[in-house]
Amino acid sequence: MRHRTSILETIKEMVVGRCNLPDGFDVNDYVFFQGVPTKQRTVKPLPHITLHVFRHTFCTNMANAGMDINALQYVMGHSDVGVTLNVYTHASYERAAEQMAKIWNFKADAQGKK
């Protein structure tokens, strides 16, 4: 059985493991609250993030970077390109606006060359 730890706990272990910190040193005080008065410190729980979330993020970022969709399908291990496009890549307003601007600029350039 695997021991599940949160990402925050893993980061803390990495920081503490690589540094020679004095006993009683609170990583939270240094890493997350440096410069914030004690009375103003509020701890908000991190959202539940799994490795599968990173898989979606990777796929979306590769598609946004212009990776060939068939190559991305192969890398992701999907049998159908529809899974890659419809489930794993996520659109954003910024990306849609960027793509529309490219089309608009292409159209304007083509009309200017006539």
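The legends below describe close-up views of a predicted model of one protein chain.

**Figure 1. Overview of the helices in the protein chain.** The predicted model has six helices and zero strands. Read from the N terminus, the order of elements is α-α-α-α-α-α. The chain has 114 residues, of which 12% count as buried. Its accessible surface amounts to about 9,800 Å², and carbon and sulfur atoms make up 59% of that area.

**Figure 2. The buried face of helix α4.** Helix α4 covers residues 69-76. Its buried residues are L72, Q73 and M76. Viewed down the axis of α4, these buried residues fall within an arc of 105°, so they line one face of the helix. An α-helix has 3.6 residues a turn, so residues three or four places apart point the same way. The cover over the buried residues of α4 includes α3 and α5.

**Figure 3. The two ends of helix α4.** At the start of the helix, D68 places a side-chain oxygen within 3.3 Å of the backbone nitrogen of N70. After the helix comes G77, which has a positive phi, near 80°.

Figure 4. L72 lies in α4. Is L72 buried or exposed? Its relative accessibility is 0%, so L72 counts as buried; the cut-off for that class is under 20% relative accessible area. Leaving out residues up to four places away in sequence, L72 touches F58, C59, M62, A63, M67 and T84. L72 and L85 are 13 residues apart in sequence, and their C-alpha atoms are 9.6 Å apart.

Figure 5. The buried residues of α5 are G82, T84 and Y88, and they pack against α3 and α4. T84 counts as buried because its relative accessibility is 0%. Its contacts, apart from neighbours within four places in sequence, are C59, I69, L72, Q73, H78 and T89. T84 and Q73 are eleven residues apart along the chain, with 5.9 Å between their C-alpha atoms.

**Figure 6. H56 in helix α3.** H56 is placed in α3, the helix formed by residues 51-64. At 16% relative accessibility, H56 falls under the 20% cut-off and therefore counts as buried. Which residues does H56 touch, not counting those up to four places away in sequence? They are V87, Y88 and H90. Of these, Y88 is one of the buried residues of α5.

**Figure 7. A nonpolar surface patch that includes V53.** I49, L51, V53 and F54 form a nonpolar patch on the surface. Together these residues have about 380 Å² of accessible area. V53 lies in helix α3. With a relative accessibility of 37%, V53 counts as partly exposed, because that class runs from the 20% limit for buried to the 50% limit for exposed.

Figure 8. R95 is found in helix α6, which runs over residues 93-112. Neighbours within four places in sequence aside, R95 is in contact with A63 and N64. The C-alpha atoms of R95 and N64 are separated by 7.6 Å, although these residues are 31 residues apart along the chain. A63 is also among the residues that L72 touches.

Technical notes
Residues numbered from 1 in each chain as written. Predicted model: local features only at pLDDT ≥ 70, side-chain atom pairs only at ≥ 80, totals over all residues. Heavy atoms only, no water. Patch = residues over 30% accessible without salt bridge, like charges linked within 9 Å, V, L, I, M, F, W, Y side chains within 5 Å. Areas by Shrake-Rupley, 256 points an atom, 1.4 Å probe, with all protein chains shown as cover. Salt bridge = Lys/Arg side-chain N within 4 Å of Asp/Glu carboxyl O. Helix = DSSP H or I, 4+ residues; strand = E, 2+ residues; numbered from the N terminus. Buried < 20%, exposed > 50% of the residue type's maximum accessible area, 1.4 Å probe, protein only. Contact = heavy atoms within 4.5 Å. Arc of directions from axis to C-beta. Polar contact = N/O pair within 3.5 Å; in protein donor to acceptor, adjacent residues only side chain to side chain.
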